[in-house]
Amino acid sequence: MKRSKWLEAGVGAFVLAGFLGLVFLGLQVSGFAPGQAEQNFTVYANFSNIGGLKERSRVTMAGVTVGRITNIELDPKWLEGRVTMEIDSDVGEKLSEDSTASILTAGLLGEKYIGLSTGGAPEMIKDGGTIRDTQSALVLEELIQQFVSNMSK
């Protein structure tokens, strides 16, 4: 009888550890992970097509995550998607005014995220500034439509 209780306790501990591991991975993927560095440099960018970009998606520079998307809305003046990004302050202070923001896809059909590239201008973007040079999302359906219409000519 004693051996059975130890076996049941061991199996229960193993199942609990597996469940906690899944919760941890879920938090990491969703962007809700606790203990992330404070991101307090706000930058905006307008895109003509955000193509499936979501809030809490990552913002990267040279493949390294440097921030998160905090808000996506329609800009009433330009009628484009306005994306609000919270970037680590040590990176945000080094973004030049001619930096570019592109909506990228992880893999062929993976998650959408924003990739930043810094420019060469001596002036830096201020907190609350806007990145003017943007590249919208590549929409697979539009590419297929262009290919089919070009083939029919």
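## Exercises on a predicted model

The protein splits into domain 1 (1-32) and domain 2 (40-138). The model is predicted.

**Exercise 1.** Find how far apart the centres of domain 1 and domain 2 are.

*Solution.* Take the centres over C-alpha atoms. They are separated by 38 Å.

**Exercise 2.** Find the salt bridge and say which parts of the chain it ties together.

*Solution.* Step 1: count. The structure has 1 salt bridge. Step 2: name the partners. They are the side chains of Arg 58 and Glu 111, at 3.1 Å from N to O. Step 3: check the cut-off. A salt bridge needs a side-chain nitrogen of Lys or Arg within 4 Å of a carboxyl oxygen of Asp or Glu. Step 4: place the residues. Arg 58 belongs to strand S2 (residues 58-61), while Glu 111 sits in the loop between S5 and S6, so the pair links parts 53 residues apart in sequence.

**Exercise 3.** Is Glu 111 buried, partly exposed or exposed?

*Solution.* Step 1: read the relative accessible area of Glu 111, which is 42%. Step 2: apply the cut-offs. Buried is under 20%, exposed is over 50%, and partly exposed falls in between. Step 3: conclude. Glu 111 is partly exposed.

**Exercise 4.** Locate Lys 126 and classify its exposure.

*Solution.* Step 1: Lys 126 lies in the loop between strand S6 (112-117) and strand S7 (129-131). Step 2: its relative accessibility is 62%, so Lys 126 counts as exposed.

Methods
Residues numbered from 1 in each chain as written. Predicted model: local features only at pLDDT ≥ 70, side-chain atom pairs only at ≥ 80, totals over all residues. Heavy atoms only, no water. Domains from an automatic or database assignment. Helix = DSSP H or I, 4+ residues; strand = E, 2+ residues; numbered from the N terminus. Buried < 20%, exposed > 50% of the residue type's maximum accessible area, 1.4 Å probe, protein only.
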